[in-house]
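Opening the notebook on a new model.

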Amino acid sequence: MTRLSKSIEGTKSALNAAREKLGLPPTEEDPPSVFSEKDKLEKLRAEQEGLDKQKEELISQQEKERLIREEKEKILQEKLDEVFKEFEGLTSRDFESIFKSGKTPEGRNVESKSMGSLNPEMAQSLAKAFKEGIKLLPKILEALPDLLKKFDEDLTKEATERVDKKLEEEKAKMEEEQKKEEKPEEPKPEEKPKIPEGEIPPGEIKSEVSPIEGGSIESPKA
């Protein structure tokens, strides 16, 4: 594009130089020879704009996917925190049964309010992590690498909803701020200074008749 632009400008400069030799004034009109080059330039610009837009959309999509991944981990951590709270409320007998076999004393799978039905292996691993004081997701994933996969569909759905909501809120906030910046400030009405009672406002003259000492003026007698 830069080469084409220079070529167009060079052609116009050469034309004006020739006109000057002939005693003619310079012209801003494009000579016919540069029309095709200008057409090529416009097409290249349009293609470049299209590529830039695709790049922005790709970056935007990648950023959204990153936010969703982070949100999924955050949601899973919240669910694990709830499971550990449930463990805290168990009797020693119930917890020991889960810790040793991954099942309840009655031989059933552990039912969690936040994570649903837990298979024995997962329940036992979580019980061991809880007993060892390991409550953060990265460490738990070392023992249960498939934990994210098990809840991936539900986590993705919930995380996407959260991210979409946050992005919409941020977009609305930015648009609101932009409107405020574009809206001209209305001039504030000029505030007149308060005049204490009894004082004369500036620019105003209060006419008063001073009383004459000695009372009223008498007309002279004839």
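My entries follow, one topic at a time.

**Ground rules.** I am working on a predicted model, where local features need pLDDT of at least 70, side-chain atom pairs count only at pLDDT 80 or more, and totals for chains, interfaces and linings use all residues. Residue numbers start from 1 along each chain as its sequence is written, and side-chain values use heavy atoms, with hydrogens and water left out.

**Helix pair.** I looked up α3 (residues 92–101) and α4 (residues 120–131): their axes come within 7 Å and cross at roughly 115°. Helices here are DSSP runs of H or I, at least four residues, and strands are E runs, at least two, numbered from the N terminus. Axes are lines fitted to C-alpha atoms over the stretch in contact, with angles from 0 to 180 degrees between N-to-C directions. I then listed the contacts (heavy atoms within 4.5 Å). On the α3 side I found Phe95, Glu96, Ile98, Phe99, Lys100 and Ser101; on the α4 side, Pro120, Ala123, Gln124, Ala127, Lys128, Phe130 and Lys131.

**Pocket.** Next I checked the lining of the largest pocket: α2 (35–88), α3 and β1 (110–112) each supply at least two of its residues.

**Glu70.** I found Glu70 in helix α2.
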